[in-house]
Structures are given as C-alpha cells and as structure tokens.
Amino acid sequence: METGILLESGTNELEILEFKVGDNLYGINVAKIREILSYQTPTPVPNADPRIEGIFMPREEIISVINLFECLKINKPESTQNDMYIVTNFNKLNTAFHVSSVQGIHRVSWNAIIKPDSTVNAAGAGMATGIVRIEGKLIIILDFEKIVSEINPETGLKMSDVEHMHGRARNESPILIAEDSALLSKMIVNCLQQAGYINITTTDNGQECWDKLKAYQKADGNLDDKVACVITDIEMPQMDGHRLTKLIKTDETLKHIPVVIFSSLVNDEMRRKGEQLGADAQLSKPEIGQLVEAIDDLIGVGV
C-alpha cells in the first residue's frame, strides 16, 4: 500500500477502502484503518448503547465493536459467516466496525470527492462526509468520527478544556480555518472566541482556503493583516490539509504563515508526514485546549 508516499508528497490523493453493509456500498479513508479482521462473535456489554455490539480481544487489547448495521438502520443478516471487522485508529482510539464484506482499495483524488448537500446531510444529521464515483459505482464515505462521538461524546472536542480561558483579553489576530464539518467548524470557532480570538474566517475545504489566501496575496495592504495563522483539517473534499500545507509552505510570500494541522488522523505516522510538509503544529481533534495554546505560541500572544 502506498498511502504514505501519497500523503508525504501532498499530492491531494487518498486511498479509499470500499466495503459493504448489507447490499450498500460505503468507503473509508485507508489512513484511518489499523487492520482488517474476520468477524468473530463479540462479548456483549451489559447496558451498552445498542450500537455497541460488544467487545473482543484480538491480542492483548480490548476493542469495542460498533455495529454499522444498527448505525445505518440496515437489517442485519442472519449469517455472519463472511462478515469482517474494520479496525480503525483515530482520535487516539481504536474501534472495530462490523461490516458485511470488504471489496477493495481505490486511489482517488480529493477533487473527485463531492461533499453531500443538505438533502443528504439535512441539518448536519447525516453520516456522509463525501460521495465518490468509482468504476461506475457511487460510494458513500461515512463520517466515522461522528458515529463514534454520538455514542461517546467524550471522544469529540473536549469543550471543558477551554472553559478556564473565558475572560481572556480580546485578540484580533486574523485566523483562517479549513474544516469541512460545519458542526466541528462552529465548535472550533466557539472555542477560539471563548479564548479571546474574535477575528476568524472559516472555509469548507483546503481549496476554498487556498483560494482565500491567493485573494489575500493579490489584495492591497499587508498580507499579515489578513491572516496570522491557518488551522486545517486533513480529510476534506476538493483539497486535503496536507496538500494545503504543502502549497502554503512552498509559496515564497505565504510560507512564513503558521499552519496548524488539527485532525482526528494525527498519529505518529501522520505527524511525521505533516512535519515533512512544514506544518508548525499538529494536534488531535479532542485537544482543543492545546490548539489554543499552540496558536498563542505561534502568533506570540502573551497570556
């Protein structure tokens, strides 16, 4: 698998694992996957959320099993003989997802991934982060972070980490955010505002953020008065955060701008790739308090 090479070079490509739940096709970014295992009947957990099928222990580690049939309201077949576990690692958590089968891996460009419109994700209630056509098939890329955080909100942004920052001095340093999740974008903005940062511009993906930066370059006035720091997710339609980081850090007039990667995918391997691309800081999405501290350090704020 060549995922590492693709992401290291910031080519705006990713690999998608195609899988089935019932008769429906879905996808997941290979970067989220730790391993794929054959299904084994999990041990039930008393009083657990109905979406938690149980736990199993593939080696010396207990892993929770999420039943995607239950999450997606798909009837579970009587036989699980050929079913699989997709074991993921994101937000510093290992989780197994029960699926019907694994179909294969496809390399695609983020440009080919379409963000679902409001008819698919009405009021942010949907479970799709993107839709892509591969070999004539429409594959829905599921929002695994949302599925997990709905079951256990503690895996999401830890809003309590910034509660003690309320009342800090207002800071008008302009911050530009690239985040495709409307809910997460709003939560990040609320946290930064609570920490005193009031001059925030949001964009829906890396391409929109890059277009905004290029417009700032062409406009009259000092560039630093328009953007003092960029915060970016990694996974986004059109352009991912690694590609955005590479473009910023290889542009002579933009490369001095601090770039913070704030993503559920920040692990040791991803951290190494982000460093190679020139990211100034990298944090996992639960660490919203550390995000504020990193911004303070990067733009020289005295607290």
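User: Which strand does Ser 284 lie in?

Analyst: Ser 284 belongs to strand β15, residues 281-284. Helices (H or I, at least four residues) and strands (E, at least two) are DSSP runs, numbered from the N terminus. The model is predicted, so local features need pLDDT of at least 70 and side-chain atom pairs count only at pLDDT 80 or more, while totals for chains, interfaces and linings use all residues. Residues are numbered from 1 along each chain as its sequence is written, and side-chain values use heavy atoms, with hydrogens and water left out.

User: Is Ser 284 buried or exposed?

Analyst: Ser 284 is buried, because its relative accessible area is 1%. Buried means under 20% relative accessible area, exposed over 50%, and partly exposed in between (1.4 Å probe, protein chains only).

User: Which residues is Ser 284 in contact with, leaving aside neighbours within four places in sequence?

Analyst: With those neighbours set aside, Ser 284 contacts Asn 91, Lys 92, Phe 262, Ser 263 and Val 266. Contact means heavy atoms within 4.5 Å.

User: What is the order of the open sheet that includes β15?

Analyst: The order of this five-stranded open sheet is β12-β11-β13-β14-β15, and its pairing is parallel. Two strands pair if DSSP finds at least two bridges between them. β12 and β15 are the edge strands, each pairing on one side only. On average, neighbouring strands are turned by 20 degrees against each other, direction ignored. Axes here are lines fitted to C-alpha atoms, for helices over the stretch in contact, and angles run from 0 to 180 degrees between N-to-C directions.

User: And how many bridges join β14 to β15?

Analyst: Four bridges connect β14 (residues 259-263) with β15, and the two strands run parallel.

User: Changing topic: what does α5 lie across?

Analyst: Helix α5 lies across β11, β12 and β13, and runs at about 150 degrees to β11. The helix covers residues 206-218, 13 residues in number, and reaches 19 Å from its first C-alpha to its last. That is close to the 18 Å expected at 1.5 Å a residue, where the expected span is 1.5 Å times one less than the number of residues.

User: Which residues of α5 are buried, and why are they on the same side?

Analyst: Gly 206, Cys 209, Trp 210, Leu 213 and Tyr 216 are buried. They are on the same side of α5 because they cover an arc of only 115 degrees around the axis. The arc is that of the directions from the helix axis to the C-beta atoms. Their cover includes β11 (175-178), β12 (200-203), β13 (229-232) and α6 (241-249).

User: What about the other open sheet, with β8 and β9: what is its order?

Analyst: Its five strands follow the order β8-β1-β2-β10-β9, with mixed pairing. β8 (101-109) and β9 (128-134) each have a single partner strand, so one side of each is left without a neighbour in the sheet. The twist averages 35 degrees from one strand to the next. Within this sheet, β1 (residues 13-21) and β2 (residues 24-29) pair in the antiparallel sense over six bridges, and Val 21 stands opposite Asn 24 in β2.

User: How many disulfides are there in the whole structure?

Analyst: The search finds zero disulfides, a disulfide being a pair of cysteine sulfur atoms within 2.5 Å. Cys 71 is buried at a relative accessible area of 6%, and Cys 229 is buried at 0%.
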